[in-house]
Amino acid sequence: MNKDRKKAVVIILVCNAILISLLELIVPIPVPVPGVKLGLGNIITIIAIVFLNLKDVLIIVLLRCIVVAVLSKGLMMLLFSISGGILSAVIMWFLYKRFGNVFSIKGISIIGAITHNTAQIIVASVILRETIFFYYMPVLLIAAVLTGLITGSISDLTIREITKRGIFH
Amino acid sequence: MKKIIYVLSILIVLILLTSCSISTGKSYKADGFALGTIITQEVYGRDARQVSVEAMDKLKFLEDLMTINDLDSDSSKLSMNAGKGYVELNPETISVLKSARKISDLSDGAAFDITVAPVVKAWGIGTDNPQIPSEETLKKLVPLINYQDVQIDEASNKASLAKPGQMIDLGGIAKGYAGDVLREIYQKNGIKSGLINLGGNVIAVGSKPDGSPWSIGIQNPRSETGGIVGIIQVSDKAVVTSGDYQRYFEKDGKRYCHIIDPHTGYPADSGLMSVTIITSSSTDADGLAKAFVLGLDKGMDLVKKYNQSYSPADAIFITTDKKIFVTPGLHDNFKLEDESHEYTCIKKG
Amino acid sequence: MNIRVLKKGDIILILCILMIAGLIFIMNNFASAANNNNLIAEVVREGNLIKIIDLNKVKNPEYVIFDEGIKQVILVEKGRIRFLESDCRDKFCVKGGWLTKTGAKAVCIPAKTIVTIVGDQKQTDSNTF
């Protein structure tokens, strides 16, 4: 992939990440537990991990978090989503590069969902100096498995299609 | 396989670390006495302790203004100058009087009226010697009851009672008003989660720190041990109950409760044992709970009327035949939790 | 490879997460069960914490006696506590009877005495009365 092409890919992925995250806000989640969400933005992060280097992945995550926070949740939530987004991206990247033979994209996506949620919770409890989410932890974990499987499967399909057609090459 | 175990153990450690780092955060619980009752506060957030102290100080201040036991209180001043023109009062007292006016207006004084004080005094319920006043006494005193005789001059913080002999008793609204004042203190200090209990009036500030609603027990009116009949879940609401069991005396097998019907001058005897109101404003909840005087049907109408003209309110009426009537907003919320197994819940349309 | 197939690592991962979730769930419940076995009563008078009693460790009945002001006697037995006598007017505190559950509370307003069984595991957060 040459430089200009890579830039174009990054921009496409950022736009998609923002759109998909905003789309998620419209879809209601039928679980009344704070922290449970589909995490559709994760799909783009995983695609980026597969085709780009860590720096570009982080740029995509960062831009997505900032734009979505500004457009919807407000700046207070920015810190939460950035911490969750960055940590899960780094861990997924590490797992994909080093343990790609052990876990499939779906497995990596599940771990990403878990780290994303837990990182947000930790930051929230540190900043607010309150919040007891321990009680919800089992629900969050099981939800992460389900949402991770869903987003992982979508990512898997997309990645296969992109590779097959050589879109990013 | 080795790799799998390696990665998974890291993951497990990560998750367990998360669990440990999640602390209960700062919280403060305090019990105290003010407004002639017990005050319980549960405050979450920074400065929780200072906030609870500030709240307690405010309560004592309000108590000093509104007590009938102190001749220097605003409430005594107003009563002693009945029929003699305006007296200057603390702006806070004026604000209480205004709130009382609003609630009385809802039922045209049929449910709640602060000028019921002379009759309350004649009955003496809750004092050392409660008694049944004679017909003549009541005939003399009942005509003095008229909330519209409380004239308020907001601009100069003055108020008056029109006729000599009239008195006010803010006992029926003081706790309710104080609840709203306390919630403001909480909110002003950035407290997003707290639970206040002013002698049975519950004010839920926000929701629990973990985001779930507070669960509030509704007392079984005939349990001397404070047992409950049901539980509701609330966030950011005041829950206030008026009942015939709070203060009463019994004579010749008949129960005389402390809530006087402003129209008859007799203790309310409307087939109800308790009325619980759930709405945003604590003052209004306290006032609406006096629908107790009106009985089931008229009481429900009052709540409906408030719903239409002000803000959403829900209610739980418990009748003397041990039936619990709940308004539509509570159909899915109210959970019967009755250890005595004597009550039945009826969902009212 | 079929995309629907999970790798071995994925399956072990999912099983582990479900196990951890189950474990935490059990721990949560276990912790609350342990709390229930721990019945701690607090006696507070005029804002001062007078006594903390572990009700499960009480063998013989004990009395907490207040001689000054409004005279009161509080009786403590294994697993329960109550106002036994009080010089106050309404005697609501005495009528309240035994306190046995976490969160239960008996109050004497005239004497400013509060007896509470403290703990996290409560049926309700607060009661309206």
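Trainee: Let's start with two helices of chain A: does H2(A) pass H6(A) in a right-handed or a left-handed crossing?

Mentor: Happy to start there, and keep in mind that this is a predicted model. Helix H2 of chain A spans residues 41-51, and helix H6 of chain A spans residues 137-165. Where H2(A) passes H6(A), the crossing is right-handed.

Trainee: Helix H2 and helix H6 of chain A pack at what angle, and how far apart are their axes?

Mentor: Two packed helices are described by the angle between their axes and by the distance between those axes. The angle also gives the pair its label: H2(A) is oblique to H6(A). For this pair, the angle is about 45° and the axes are 9 Å apart.

Trainee: Which residues in H6(A) are met by those in H2(A)?

Mentor: By class, this contact has six nonpolar, four polar and no charged residues. H2(A) brings Asn42(A), Ile43(A), Ile46(A), Ile47(A) and Val50(A). In H6(A) they meet Thr151(A), Ile154(A), Ser155(A), Thr158(A) and Ile159(A).

Trainee: Stepping back, how many helices and how many strands has chain A?

Mentor: Reading along the sequence gives the pattern α-α-α-α-α-α. Of the 169 residues of this chain, 49% count as buried. The tally for chain A is six helices and zero strands.

Trainee: On to chain B: which are the edge strands of the open sheet of nine strands?

Mentor: The order of this mixed sheet is S1-S2-S6-S7-S10-S13-S14-S15-S17 in chain B. An edge strand pairs on one side only, and that picks out strand S1 (27-34) and strand S17 (344-347) of chain B.

Trainee: Which residue in S17(B) stands opposite Phe325(B)?

Mentor: Strands of a sheet pair through backbone hydrogen bonds, either parallel or antiparallel. Strand S15 (residues 323-326) of chain B pairs with S17(B) in the parallel sense, over four bridges. Opposite Phe325(B) stands Ile346(B).

Trainee: Helix H9 of chain B lies across strand S13, strand S14 and S15; at about what angle does this helix run to S14(B)?

Mentor: A helix can also be compared with another one here: H7 (residues 171-188) of chain B lies across strands S6, S7 and S10 of chain B, at about 20° to S7(B). H9 covers residues 296-309, and strand S14 covers 313-319. H9 runs to S14(B) at about 175°.

Trainee: Which element gives the largest share of the side of chain C that touches chain B?

Mentor: That contact takes 23 residues from chain C and 33 residues from chain B. On the chain C side, helix H1 (8-36) and strand S8 (126-128) each give two or more residues. The largest share, six residues, comes from H1(C).

Trainee: And in S8(C), which residue is the bridge partner of Ile216(B)?

Mentor: Three bridges join strand S8 (residues 214-219) of chain B to S8(C), and the two strands run parallel. The partner of Ile216(B) is Ser126(C).

Trainee: How do the residues of the side of chain C that touches chain A divide into nonpolar, polar and charged?

Mentor: This contact takes 14 residues from chain C and 15 residues from chain A. The side of chain C divides into 10 nonpolar, two polar and two charged.

Trainee: Last one: as what does Gly103(C) count, with its C-beta neighbours inside 10 Å?

Mentor: Gly103(C) lies in the loop between helix H2 (92-95) and strand S6 (105-108) of chain C. A buried residue needs 20 or more neighbours, and an exposed one has 12 or fewer. Gly103(C) has 18, so the residue counts as partly exposed.

Key. Residues numbered from 1 in each chain as written. Chains lettered and ligands numbered in written order. Predicted model: local features only at pLDDT ≥ 70, side-chain atom pairs only at ≥ 80, totals over all residues. Contact = placed C-beta atoms within 7 Å. Nonpolar A, V, L, I, M, F, W, Y, C, P; charged D, E, K, R; others polar. Axes fitted to C-alpha atoms, helices over the stretch in contact; angles between N-to-C directions. Parallel < 35°, antiparallel > 145°, perpendicular 65-115°, else oblique. Left-handed = near helix turned anticlockwise from the far one by under 90°. Pairing = 2+ DSSP bridges.
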